[in-house]
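Here is my note for a colleague opening this entry for the first time. Please read the points with the structure in view.

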Amino acid sequence: MNTHHISADTHELPHPPEQEKPRKALFANRPKAYPKWIVGRFRRMKWAVMALLLGLYYLAPWLRWDRGPGAPDQAILVDMPGRRLYFFFLEIWPQEVYYLTGVLILAAVGLFLATSLLGRVWCGFTCPQTVWTDLFLMVERFVEGDRAQRIRLDNGPLTLNKIARKVTKHLIWLAIAVATGGAWIFYFNDAPTLMGDILRFDISPTILFFVGLFTATTYLLAGIVREQVCVYMCPWPRFQAAMLDEHSTTVTYQAWRGEQRGPKRKTESWEGRGDCIDCNQCVQVCPTGIDIRDGQQLDCIGCGLCIDACNEVMTKIGRPGELITFDTQMNQTARAAGQPTSGLHIFRPRTLIYLAVLAIVGGVMLASLMSRSDADLSVQRDRVPLFVQLGNGRIQNSYTLKILNKERADRSFEMTIPALPQAELSLVGHEEEAGQAATLTVKPDSVGSYRIHVRMPREALQGASTPVSFLLRDATTGESYSIDTVFLGPK
């Protein structure tokens, strides 16, 4: 029999080696979303909106609009070399960039109004990221199959079938991205001409760069990054909650009706439990992969596909639909308490403010468009020197005039200073003698620039600064345009 002895000089027992605690990762990869195919009311709405928006985007550059000889006939065109923006009957000049500011204000406030009424309806149905992601997902589903097939394909070994499907999908994605990038360039060039150049492989490096840039961004954002743009990159979800209140309609899980959730056998009773059978269909169809039963979340884009999925399940198990539905928080609180709902409150303080801003900005823009003239005048006085005293005692100031002729014909104008009949006008670089009027001609659809000397007797001045008003009169139509400035002289 073996015996073990502990030596007398042993003072303490040996400690067991410390085991390293497993480190908890501070970062977790986002699980890839595999949205499942679903058929329903909101899915059909998304298809219709997607077809409409994509059709408008790809076809709009090909629409023609007759603006007369010498003018581009593309209905929507951003003419960068000519410094014009054409939108059907409108021609916006660089000096009228405030119209674009007005359009941006209307778009922003309109988005605020839509969000306060219908939640993230913009994100779920009309945002370009949503539209193109839907298109790319449709291609992925067509090539690789529905959710379960795509998961098996991604987790499976590398086979010829997998390679063929992946290559086919990415080639189609790339073709869509090229078409998208190319269509965007058509808005900045005459579309038929540019298409001919592309077919002849005769395009400039600049156009090639921008087509490549927009192709790459479309492929990356809609094909690779997808829902992560909405969750991590887009700033809108961060502050859209400021537009929501208890009367805003959002995608809502009716927890008062669905809980306690859990799987259910056909033979089991519905007594003492909720309508949700925890099938996770609402999660599987979600483009961002969230569970709407956890409540309102930043990741929810409000597309309503979870409503379609839940309604399909409710129909199969014989329970009432709309367990997940579009509703307001106020109505949900009332329903949970068994009280009557108050319906939709469209006109609330915040929506009235948004409507007022839309009406004011829209009215100002409409009035500005209605009173828009076909000519414009700007004057800049020379600052060095401020004035020149001539040998005959007269004081001379010099000005640079810019006359905007928006018509497509030569126009002749007469420039005068009616309030100061002693003033003499002389065009620099012209042989005409100085007089009380100067004749200025401007080419069609262009800006005429003139430098003009104005001379006045010293006794006609009202001190160091005399207000003057230039009057420009169209020699043909008699229309007049005026602008105020000052004439400087010695103190």
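1. Glutamate 91 and arginine 408 meet through their side chains, at 2.8 Å from N to O. This is a predicted model, and the distance is computed from it. Across the interface of domain 1 and domain 2, three salt bridges are found.

2. Next, the two domains. Domain 1 spans 29-372, and domain 2 spans 375-488. Their centres, taken over C-alpha atoms, are separated by 55 Å. To the contact, domain 1 gives 10 residues and domain 2 gives seven residues.

3. How much area do domain 1 and domain 2 bury between them? The value is about 630 Å², with 47% of it on carbon and sulfur atoms. On the domain 1 side, Glu91, Trp93 and Gln95 stand out: they supply 57% of the area that domain 1 buries against domain 2, more than any other three residues. Glu91 is also the residue that bridges to arginine 408.

4. Now the record. An unreviewed UniProt entry carries the annotation "transmembrane region" for residues 47-65, 97-118, 171-187, 207-225 and 352-371. Two of these stretches can be checked against the model. Residues 97-118 are 95% helix and 0% strand, and their end C-alpha atoms lie 32 Å apart. Residues 352-371 are also 95% helix and 0% strand, with 28 Å between the end C-alpha atoms.

5. Turn to the sheet. Four strands form an open sheet in the order E11-E9-E13-E14, and the pairing is antiparallel. Which strands stand at the edges? They are E11 (437-442) and E14 (480-488); each has a single partner strand, so one side of each is left without a neighbour in the sheet. On average, neighbouring strands of this sheet are turned by 25° against each other, direction ignored.

6. Strand E9 (residues 411-416) pairs with E11 over six bridges, in the antiparallel sense. Within this pairing, phenylalanine 413 stands opposite leucine 440 in E11. In general, strands of a sheet pair through backbone hydrogen bonds.

7. Most peptide bonds are trans, and most residues other than glycine have a negative phi. Glutamate 259 and glutamine 260 are joined by a cis peptide bond, with omega about 0°. Glutamine 260 lies in the loop between helix H11 (255-258) and helix H12 (281-284). Another cis peptide bond joins valine 384 and proline 385, with omega about -5°. Proline 385 is in the loop between strand E6 (375-381) and strand E7 (388-389). Arginine 226 has a positive phi, near 50°, and is not a glycine. This arginine 226 lies in the loop between helix H8 (205-225) and helix H9 (227-233).

Notes. Residues numbered from 1 in each chain as written. Predicted model: local features only at pLDDT ≥ 70, side-chain atom pairs only at ≥ 80, totals over all residues. Heavy atoms only, no water. Pairing = 2+ DSSP bridges. Helix = DSSP H or I, 4+ residues; strand = E, 2+ residues; numbered from the N terminus. Axes fitted to C-alpha atoms, helices over the stretch in contact; angles between N-to-C directions. UniProt positions renumbered as here; feature names shortened; annotations may be inferred. Domains from an automatic or database assignment. Contact = heavy atoms within 4.5 Å. Buried area = accessible area lost by both parts, 1.4 Å probe. Salt bridge = Lys/Arg side-chain N within 4 Å of Asp/Glu carboxyl O.
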